[in-house]
Amino acid sequence: MQAHHHHTHAPVSRHEHGHHVLQVEDLSVGFRMYEEDVPYFRAKQRETEVIDRLNISVHVGEIVAVVGASGSGKTLVADAVLGLFEPNATVHGRIWFDGELQDADSLQKLRGHGISLVPQSVNSLDPLMKVGRQVEGFAHPDESHAVRRRRREKLFARYGLSEAVAGMYPFELSGGMARRVLVCCALMDDPRVIVADEPTPGLDLELAVRALGDLRTFADEGGGVLLITHDIELALQVADRVAVFENGTVVEETAVANFASPDLLEHPFSRALWHALPEHDFQTGGGSPC
Ligand SMILES: Nc1ncnc2c1ncn2[C@@H]1O[C@H](COP(=O)(O)OP(=O)(O)O)[C@@H](O)[C@H]1O
Ligand SMILES: [Mg+2]
């Protein structure tokens, strides 16, 4: 295993352009909040740190899975990469896209034009709009509607969605179809990076494997994927590297192959995750994972 930039490498990952298609360095996200249990006129504002100097990188052709407990701040990482910041958030750190250092404005411009999100909830589809139109999007300055429609048709065909689906409303779709529609939305603008935030809950195993297979195809064709999940078993099936996330930071970024044995994992929390995998009989070795 080759180590560089503080992480171990998947042997298959390629290096092009800026070497990393996405790189997050020393990302911290905190929130200014009023103290609880104090009458409001006496409450002081305090700062809570949820993400603490997090480092993560994605190479061209690679899926990097971010695994960690629910509520630990994984969606905040996705939001930061997409330039989505809550008004009470303070964000520090550096984010590079294709070798270029970004700021809040440029990240916002990249959203849907370089970096696309597969959101955590299928409820993010508009319930009142037919899904074909939703995937095609609204008027684009540089592309006619006919062109976007043709592109949407191609994506639907590729992801096994018939043209009849385009005329349906979200409530008429199965969970798996809705998930695929969200993947098509993300692919519509030809991104270099897809951030997929928990794309599998609610899917049966077959559909979950297929959804992740779609992300695998995207990566194999030269994209980069940040796959956020608490399902480490599925992550190990599809990812090249795993970033183990605990207490607001990545405690270990390691090749999937190192999950073959706890001896190859460096951090106690990574070993705890290994021991908690069902095929390891739920032994708890290095402490509880959650
Ligand atoms: N606008 C906000 N103000 C204060 N705290 C927030 C805000 N948004 C998120 N948080 C906190 O950040 C934590 C992490 O949330 P999230 O990123 O959704 O976790 P995960 O995706 O890992 O389940 C939550 O526990 C929540 O309390
Ligand atoms: Mg989340």
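## A walk through the fold, starting at a helix pair

Helices H6 and H7 cross in the right-handed sense. To see this in your viewer, select residues 175-187 for H6 and residues 205-220 for H7. Keep in mind along the way that you are looking at a predicted model. The two helices pack with their axes 10 Å apart, at an angle of about 10°. An angle under 35 degrees counts as roughly parallel, and H6 and H7 are therefore roughly parallel to each other.

Now show the side chains where they touch. From H6, pick Gly-176, Arg-179, Val-183 and Leu-187; from H7, pick Leu-207, Ala-211, Asp-214 and Phe-218. Coloured by class, this contact shows 5 nonpolar, 1 polar and 2 charged residues.

**Next stop: the six-stranded sheet**

Follow the strands in the order S8-S9-S10-S5-S11-S12; these 6 strands form an open sheet with mixed pairing.

Zoom in on S8 and S9, the latter at residues 193-197: the two run parallel and are joined by 4 bridges. For one example, select Ser-116 and its bridge partner in S9, Ile-194.

**Over to the four-stranded sheet**

Here the order is S4-S3-S6-S7, an open sheet of 4 strands with antiparallel pairing. S4 (45-59) and S7 (100-101) each have a single partner strand, so one side of each is left without a neighbour in the sheet. Select residues 20-34 (S3) and 89-97 (S6) to see an antiparallel pair held over 8 bridges. Within this pair, Ser-28 has His-92 of S6 as its bridge partner.

Helix H1, residues 74-81, lies across S3, S4 and S6 and runs at about 115° to S3.

**Last stop: ligand 1**

Which residues surround ligand 1? Select Phe-31, Met-33, Val-50, Ser-70, Gly-71, Ser-72, Gly-73, Lys-74, Thr-75, Leu-76, Glu-86 and Asn-88 to display them. By class, this shell has 4 nonpolar, 6 polar and 2 charged residues. S3 and H1 each supply at least two of the shell's residues, and the largest share, 3 residues, comes from H1.

Definitions and conventions. Residues numbered from 1 in each chain as written. Chains lettered and ligands numbered in written order. Predicted model: local features only at pLDDT ≥ 70, side-chain atom pairs only at ≥ 80, totals over all residues. Pairing = 2+ DSSP bridges. Contact = placed C-beta atoms within 7 Å. Axes fitted to C-alpha atoms, helices over the stretch in contact; angles between N-to-C directions. Near = placed C-beta within 6 Å. Nonpolar A, V, L, I, M, F, W, Y, C, P; charged D, E, K, R; others polar. Parallel < 35°, antiparallel > 145°, perpendicular 65-115°, else oblique. Left-handed = near helix turned anticlockwise from the far one by under 90°.
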